[in-house]
Amino acid sequence: MAEILIIVPSIAAFRVNWLSDRLAGARTAALVLDAAPEGMIPPQLTRELLGSVGAITVALKRDDTRRLLASSDMPPEVDLHVDLRDVDPVQAVAQAFETLMASDGRIIRVVGTPPRGGGFVEIVLEETPLRKAMLRFTRNILLVSLVIAALTGVLVYLGLAWMFVRPMRRLTQRMIAFRENPAVPAPALGPADRMDEIGLAEREFVDMQRQITETLQQKNHLAALGLAVSKINHDLRNLLSSVQLISDRLADIRDPAVQRFAPKLEAALDRAIAYCEHTLAYGKAQEPAPERRMVALAPLVAEVRDTLGLGGSGEEAPAIGWVASIERGMKVDADPDQLFRVLLNLSRNAMEALSARAPNDPARDQIRITGRREGTVAIIEVADTGPGVPERAQAHLFEPFQGSARRGGTGLGLAIAAELMQAHGGGIQLVPGTIGATFQLRVPDRPVDLEAHRAARSHG
């Protein structure tokens with residue numbers, strides 16, 4: 001398109017300029033013709049004037065007179081008339097192509113403005129020299145245009161190869177290498193400071209590759225954890241079954257202390273055996289569905305306290321204080337075992353955070369559990385007066401292997417708690433702006449089937 005837009009007007013302009021040059025010579029001849037008396041121009045001067053113009057005849061028209069400067073031969077018949085006094089661009093292009101396609105020997109008449117005064121000057125000449133000059137000009141401009149186009153194409157190719165093809169090839173090779181072995185991080189791409197789509201693609205690919213590598217590492221950790229747990233699960237269940245038999249025999253002893261602690265020991269062993277049966281549930285990315293019922297919250301919180309060994313008094317009082325503030329008679333629509341696991345995980349995390357700044361003071365180092373109802377939603381908060389959750393751990397707090405704030409921790413406790421709360425249709429969140437760390441649990445009641453409820457009441 002660029003070649004056409006350049007060459008076509010150039011050819012038309014060349015034709016007009018060529019004819020204009022011939023008219024300029026004709027004006028000089030017209031001055032001689034105008035100055036000499038009529039019939040007094042020698043034949044030799046006539047031939048020289050016509051030869052300098054390249055014309056067959058030159059005529060000057062002024063007012064009502066017309067003077068002709070002609071060769072000795074009779075002027076041939078004119079095939080085409082061209083008026084350069086008013087040149088239309090479209091018509092000039094059409095006439096230029098007509099000249100290029102014409103056969104040799106055509107005669108044209110060209111009209112232009114005279115050297116001075118009114119009227120016009122005209123020349124009659126053969127079109128063949130014009131056509132040959134136009135063909136030479138067209139060939140030359142085509143060659144020059146092709147050279148320029150070739151140089152431009154080479155520069156464009158090199159520029160595209162350097163700016164786009166080379167980084168895209170590098171990015172593609174890295175994708176292929178990453179696909180073949182995604183567990184091994186590929187070499188860095190270098191500083192991707194480009195602000196265009198290529199730079200954006202490089203930065204996004206680096207982020208995606210890092211995330212996928214981290215995810216694969218987490219999956220490997222989970223697989224190793226599942227393998228290790230599966231190996232010890234069988235033996236652990238056998239050991240717990242043996243301990244359960246011993247606890248059953250202890251229950252037959254009439255000692256008051258034994259009678260007081262035996263039920264708690266049996267409940268703890270039953271829960272431990274149930275945990276062993278569901279140990280691999282998290283590794284399968286799915287916890288068992290909760291078996292929900294209305295559970296009294298205060299006894300469950302007391303059981304968590306006793307499990308952690310924070311229920312003593314007097315000389316046996318622990319170094320970490322325990323404060324429970326539960327609404328009287330509050331019940332939660334939840335699976336008691338799963339809710340116990342969540343409260344135990346959160347309380348154990350709080351206990352470990354407080355134990356890190358030993359020696360402890362019960363007045364200063366406390367675990368506080370509160371419970372209240374907001375309509376059909378049970379709100380439970382587990383708080384401590386410890387150092388709180390570090391900012392680096394808050395971004396991935398409920399993700400396995402990433403949310404641990406303690407050195408050596410796996411970060412599975414909060415991930416499991418979040419999964420169990422989601423199974424209940426609720427959630428867990430870290431409450432900002434509190435002393436220490438405060439985790440809030442929200443457990444909504446299940447929707448009630450009004451028709452079944454009314455039928456049960458009428459039946460009762």
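## A walk through the predicted model

Residues are numbered from 1 along each chain as its sequence is written, and side-chain values use heavy atoms, with hydrogens and water left out.

Q440 itself sits in strand β12, residues 438–444. Helices (H or I, at least four residues) and strands (E, at least two) are DSSP runs, numbered from the N terminus. With a relative accessibility of 9%, Q440 counts as buried; the cut-offs are under 20% relative accessible area for buried, over 50% for exposed, and partly exposed in between, using a 1.4 Å probe and protein chains only. Its C-alpha atom lies 9.5 Å from that of T370, a residue 70 places away along the chain.

Stepping back, the protein chain has 11 helices and 12 strands. It has 460 residues, 33% of which count as buried. Take the contacts between residues at least 6 apart in sequence: 69% of them join residues at least 24 apart. The accessible surface, from the Shrake-Rupley method with a 1.4 Å probe and, for residues, only the protein chains shown as cover, comes to about 27,800 Å², and 59% of that belongs to carbon and sulfur atoms.

Next, helix α7, which spans residues 297–307 and has L297, L300, V301 and V304 buried. Looking down the axis of α7, these buried residues fall within an arc of 100°, so they line one face of the helix; the arc is taken from the directions from the helix axis to the C-beta atoms. Their cover includes the strands β6 (293–296), β7 (321–326), β8 (331–334), β9 (366–374) and β10 (377–384), along with helix α8 (336–355). Just after α7, G309 takes a positive phi of about 75°.

Now turn to a pair of helices. The axes of α3 (residues 89–101) and α4 (residues 128–180) come within 9 Å and cross at roughly 105°. Here axes are lines fitted to C-alpha atoms, for helices over the stretch in contact, and angles run from 0 to 180 degrees between N-to-C directions. The two helices are therefore roughly perpendicular to each other, given that angles of 65 to 115 degrees count as roughly perpendicular, under 35 as roughly parallel, over 145 as roughly antiparallel and the rest as oblique. On the α3 side, A96, T99 and L100 meet L130, R131, M134, L135 and T138 of α4. The residues of this contact divide into five nonpolar, two polar and one charged, where Ala, Val, Leu, Ile, Met, Phe, Trp, Tyr, Cys and Pro count as nonpolar, Asp, Glu, Lys and Arg as charged, and the others, Gly among them, as polar.

D104 is found in the loop between α3 and β4 (107–112). Not counting residues up to four places away in sequence, D104 touches T128 and R131. Further along, A149 lies in helix α4 and, at 37% relative accessibility, counts as partly exposed.

Finally, V121 belongs to strand β5, residues 120–126, and is buried with a relative accessible area of 0%.

Definitions and conventions: This is a predicted model: local features need pLDDT of at least 70, side-chain atom pairs count only at pLDDT 80 or more; totals for chains, interfaces and linings use all residues. Contact means heavy atoms within 4.5 Å.
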